[in-house]
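Biologist: I would like to learn how to read a model of this kind. Where do we start?

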Amino acid sequence: MNRPIQGAESRVLSLKLLVVVTGLCALSFFPPDSGAAGQGLSGESPSRFIIGISPFLDKSVKDEVYRGIVRLVVEDLPLNSTLAIYDAFELKTITQFSLPDARAFNSPKTRANQFAPAIRDLKLFLAEEQHKPTNSHSSFEAAIRLPQFVDFLAGTTTTNSIPSVLLIGSPLYQDAKEPAFSMVDGYFPSDGHLQASREQSLYGFSGDSTVAPPLILHWIYFGDPWVSDLHKEKITRFWTLYLERRGMQLAAFTGDLPTALQSFRQPGAADATAPKHWAVDTAQRKIEMLRVSRGVTMADWLTRDTLPAGAQASPSIRVGPMKIGIRWKERIDLDLYATPRPGAETLYFEHVRSPEGYYYKDHRSSPGREYEFIEFESSVDVREVEAFVNFYKGSCPGGARGEVRIEFDGRIYRLPFFIPAEQGNLGRSGPSQQEFWTPIPIQKALNIVQRPIATLRTD
């Protein structure tokens, strides 16, 4: 059972909620809105409305959310409809009820009285302080798990009507069980996910219509969760295409709650906040998470053409944070793999985060040069780090060439690399695949002289 927050904060919030309900009940003295509650659908299947709320909303927006939903319940929902409210992260029911096709329910006062238990359930849910998953790389601020929530809704379908769904929470996917698919820190999924099966990707689709019921989605988020405008565009585009593939529509995607509520209760109306049309890039088949950088200086150590003149001296330390990057000119796909020490997690395009650092790939297909890098934010021992380059996809007569750059101890080191294979092998490994891979000699790149081990003479 949900437990209200304690102390003075609980009393203040309860008082605010009581004032809201009391004020809305008073609306019964005014004529009902002929464009909303007065519209019944006698003889037809009930209109179905669904609200999915993040359990981790910031306290500063909970009152606004509560007021908006209560006003929806007592004023705006049409007669002959149903409303179900769910926890869109934990996939649990908060409350649900049916609104009859009866004139008495044109009265906000009648609705407030009849649906008081549902309003109380919502109040308790918002008042409770929910415990976020423990994960060092995610804050889970207003988190929603949309793919799982869509599957969850498939099991609740009881009518043939297409439901109108309102999501209240962050558009950036976060999940402690699937951290590699996280959208925070500028990450977004490639179009390869949109062409994959559910077995291949969390964002994939099996093609089974029973798993993905048609619906019209309206999404409200708060604050500014984006790294940049480009990050916002990439995420908006991805969710639009993700839903389209399942026969669904993203009708509203906005940071304004009244706009989202208006779109939600009138899903057939045109909406200026609806995302524009995009198409899947069918040539982008690789299943990976790409990243939008926070600024142009993020990869300057790797992208700049000029480095300090003269040979770089050996670093003064052997343990510290490190960046390893590769860059190349041909229109091919090369991949970087790096492990900080024996037994640790390997970072690469399918595993973009680890306790030690993260993997980054340029999303732009940079004119004349591609690049990607791995940053170990935690200190690593240069004598233990292992890194490799794989010729993943494409064709390059004469073999693939590029440059390794390493940032360590405040210096930037460079070293050319060569892969003899003339075409990619899609990341396959094993003794027969050696020509598609090349190791990065970390210590050689850093000009660290490996002293030969002395042998004991017996003569």
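Modeller: With burial: a residue is buried under 20% relative accessible area, exposed over 50% and partly exposed in between, using a 1.4 Å probe and protein chains only. In this chain of 459 residues, buried residues make up 50%. The model is predicted, so local features need pLDDT of at least 70 and side-chain atom pairs pLDDT 80 or more, while totals for chains, interfaces and linings use all residues. Residues are numbered from 1 along each chain as its sequence is written, and side-chain values use heavy atoms, without hydrogens and water.

Biologist: How many helices and strands does the chain have?

Modeller: Helices (H or I, at least four residues) and strands (E, at least two) are DSSP runs, numbered from the N terminus. The chain has 9 helices and 16 strands.

Biologist: What span should helix α6 have?

Modeller: The expected span is 1.5 Å times one less than the number of residues. For the 17 residues of α6 (229–245) that gives 24 Å, and the end C-alpha atoms are 24 Å apart, which agrees. After α6 comes Gly247, with a positive phi near 75°.

Biologist: What do the buried residues of α6 pack against?

Modeller: Contact means heavy atoms within 4.5 Å. The buried residues of α6, among them His231, Phe238 and Trp239, pack against α5 (146–154), β5 (187–189), β6 (216–220) and β7 (249–254).

Biologist: How much of the contact in the chain links residues 24 or more positions apart?

Modeller: Such pairs account for 76% of the contacts with a separation of 6 or more.
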